[in-house]
Amino acid sequence: MPALRKTTVLVASAALLTLSAAVPAAADRPGDDKAKPPGKMSEIGGARLGQAGTQVNAGPGVPKLPKKLSGRSWIVADAESGDVLAAHNAHWRLPPASTLKMLFADTVLPKLPKDEKHLVTNEELAGVGAGSSLVGVKEDQTYTVHDLWLGVFLSSGNDAVHVLSAMNDGIDKTVADMNAHAEELQALDTHVVSPDGYDAKGQLSSAYDLTLIARSGMQKKDFREYCSTVSAEFPGEKKKGKKREHFGIQNTNRLLTGAVGLDRYEGIAGVKNGNTTNAGATFTGVAERDGRVLLVTVMNPDGQESQAVYQETARLFDWGFEAAGKAEPVGTLVPPAGAVPAKGGSDAPGDEGAAGGVPAPAAGGETQAAASGGADGVGTALAVAGGSLVLLGAGVYVVNRRRPLPGQGTGRRRR
């Protein structure tokens, strides 16, 4: 398999001020009696986040929220400080679809060496749900862990998830691990039944939890690299006496690729999208602008607008970047339950665990993903400088920024 240069994403941003004061909840959808959030929701991260409806502090200089927001639940948060700038039904427990793969990756990715090879069996693929998104893993073929993670992040491949789960001692063990990790992250709205996010009774998460999970995942170097990769080459079948073929795969995150009529969002750096019958469209994204990094999650918009989950995410990013430093937070992203203060500030350990460091590129250099003939010719991921990420016990993600993040390309979204 040809070497693939991938982008690493630096999760960093300046601290925000703090915020609070609600506006009325959005109206329920016509004919949908399940579109009402529960009267009482979790208050993890702050009492305001447990209230139904939109929570935002409208103050001097704070822009008005976008008008076209139909998501049942959404959140805008600062990735470094954890400040929640605005939210709507943040703790409403809803089906997450493939955004749950962020928790799968955050749980399992550190356990499996990326160069480990695995021969896939038919049994490992037998439990993949009908109609699942697939990358094209075949039985009796050998793949590296690196190959399989590309399949998870780019193609949202449930087949790759099932094989990696088998390598983690099985589906049941993986589900238990994911539920335990969600509890450690204090993502207590989340209950895992299937590791790939496939619709299952009782499988739930929330915009708040998915944002917590994404924030944790972005502390891991490999997670950042995979979720910011636009396109790659995936191994095909190896036939006797012939060189193994490869085929191109492209990230299904359309704000990253600019596919299907959307412009790539300036500064986008991941994270994960999903779509199932029960969940509707779901998406968690991370983007950087002017040294500030925001996380946005949108769950189940009403679908009246084409690509609504991406359009609404982009509007919330625009709002968040404009509101940052002006609006006071309505809550906070809590740290993991077991987080402890890092010693020595920027002298942090490597970042294969919850925190870590990424070496800075040479002066003036940029890291890019290689073009590999994706479906629409998009092959270049965003370019970012290196830095060190540290998770402090107070829940603040601090960056030792060696130099500012360079521009994220020319594909600025039209406003």
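This is a conversation about reading a few features of a predicted model.

Trainee: What should I keep in mind about the model and its numbering before I start?

Mentor: It is a predicted model, in which local features need pLDDT of at least 70, side-chain atom pairs count only at pLDDT 80 or more, and totals for chains, interfaces and linings use all residues. Residues are numbered from 1 along each chain as its sequence is written, and side-chain values use heavy atoms, with hydrogens and water left out.

Trainee: How many helices and strands does the protein chain have?

Mentor: Helices (H or I, at least four residues) and strands (E, at least two) are DSSP runs, numbered from the N terminus. Here the protein chain has 9 helices and 15 strands.

Trainee: What share of the residues counts as buried?

Mentor: Buried means under 20% relative accessible area, exposed over 50%, and partly exposed in between, with a 1.4 Å probe and protein chains only. Of the 415 residues in the protein chain, 58% count as buried. For the accessible surface, the Shrake-Rupley method is used with a 1.4 Å probe, and for residues only the protein chains shown count as cover. The protein chain's total is about 16500 Å², and 51% of that belongs to carbon and sulfur atoms.

Trainee: And which residues does Asp177 touch, leaving aside those up to four places away in sequence?

Mentor: A contact means heavy atoms within 4.5 Å. With that exclusion, Asp177 touches Thr107, Lys111 and Asn168. For the chain as a whole, among contacts with a separation of 6 or more, 72% come from residues 24 or more positions apart.

Trainee: Where does Asp177 lie, and why does Asp177 count as buried or exposed?

Mentor: Asp177 lies in helix α5, residues 171-184. Asp177 counts as buried because its relative accessibility is 16%.

Trainee: How many salt bridges are there?

Mentor: A salt bridge is a side-chain nitrogen of Lys or Arg within 4 Å of a carboxyl oxygen of Asp or Glu. By this rule the count is 8. One of them joins the side chains of Lys111 and Asp177, at 2.7 Å from N to O. This pair links distant parts of the chain, 66 residues apart: Lys111 is in the loop between α1 (101-108) and β5 (117-119), and Asp177 is in helix α5. Lys111 counts as partly exposed, because its relative accessibility is 41%.

Trainee: Which side chain meets Asp318 in a salt bridge?

Mentor: Arg289 does, at 3.7 Å from N to O. Here too the pair links distant parts of the chain, with Asp318 in helix α9 (residues 308-323) and Arg289 in strand β10, 29 residues apart. Both Asp318 and Arg289 are buried. Back at Asp177, salt bridges that share partners join Lys111, Lys173 and Asp177 into one network.

Trainee: How many bridges join β9 to β10?

Mentor: Two strands pair if DSSP finds at least two bridges between them. In this model 7 bridges join β9 to strand β10 (residues 280-289), and the two run antiparallel. A hairpin connects β9 to β10 through 3 residues, and Lys272 has Thr284 in β10 as its bridge partner.
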